[in-house]
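Here's a quick briefing to read alongside the model. Have the sequence and the 3D view open as you go.

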Amino acid sequence: MKRYCRALDLVDDPALIEKYIWHHAPENHWPELQTLLRESGVVSMEIYRFGTRMFMIIDVEDTFSFERMEQVHQHPISKEWEELMWQFQKPVPGAKEGEKWVLMERVFQFPAQES
């Protein structure tokens, strides 16, 4: 299993942040999205927040690829979700044009594992 960590920022508006969190509460999940994530090879996903900075941890199957996930994002339900989320989100500094969640580089691990 592989793990990826990603980051993005939220719009600095307390009401929008509250609504973003509301959309991610278990009782508000879109079951179709969870099915699509599983189909792309995602085993688990967690999102954490500090102020306006978001941090996502994704554990994936060995067959996972971001290209495969991008194909899943072409599904109408996924497109609807992403369009809804854009009102709350903004790219972190240094993100490419149109890029939201950016991949983070691991710089430390304990205990250290040999390559």
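Which helix does Lys19 lie in? Lys19 sits in H1, residues 14–24 (helices are DSSP runs of H or I with at least four residues, strands are E runs with at least two, and both are numbered from the N terminus). This is a predicted model, where local features need pLDDT of at least 70 and side-chain atom pairs count only at pLDDT 80 or more, while totals for chains, interfaces and linings use all residues. Residues are numbered from 1 along each chain as its sequence is written, and side-chain values use heavy atoms, with hydrogens and water left out.

**H1 and its partner**
- Lys19 is partly exposed, at 38% relative accessible area (buried is under 20%, exposed over 50%, partly exposed in between, using a 1.4 Å probe and protein chains only).
- The axes of H1 and H4 (residues 76–86) come within 11 Å and cross at roughly 155° (axes are lines fitted to C-alpha atoms, for helices over the stretch in contact, with angles from 0 to 180 degrees between N-to-C directions).
- That makes H1 and H4 roughly antiparallel to each other (angles over 145 degrees count as roughly antiparallel, under 35 as roughly parallel, 65 to 115 as roughly perpendicular, and the rest as oblique).
- On the H1 side, Tyr20, His23 and His24 meet Trp81, Leu84 and Met85 of H4 (contact means heavy atoms within 4.5 Å).

**The core**
- The largest nonpolar core has 18 residues, and Leu10, Tyr20, Val42, Met54 and Trp101 have the most contacts inside it (such a core is a set of buried Ala, Val, Leu, Ile, Met, Phe, Trp, Tyr and Cys residues joined through side-chain atoms within 4.5 Å).
- E1, H1, H2 (31–39), E3 (53–60), H3 (66–72) and H4 each supply at least two residues of this core, with the largest share, 4 residues, coming from E3.
- Leaving out residues up to four places away in sequence, Met54 touches several residues, including Leu10, Tyr20 and Trp101.

**Asp9**
- Asp9 belongs to strand E1, residues 2–10, and is buried, at 7% relative accessible area.
- Its side chain makes a polar contact with the side chain of Arg53, at 2.3 Å (a polar contact is a pair of N or O atoms within 3.5 Å; within protein, one must be able to donate a hydrogen and the other to accept it, and residues adjacent in sequence count only if both atoms are side-chain atoms).

**His75**
- His75 lies in the loop between H3 and H4 and counts as partly exposed, at 34% relative accessibility.
- A polar atom of the His75 side chain lies 3.0 Å from the backbone nitrogen of Ile77.
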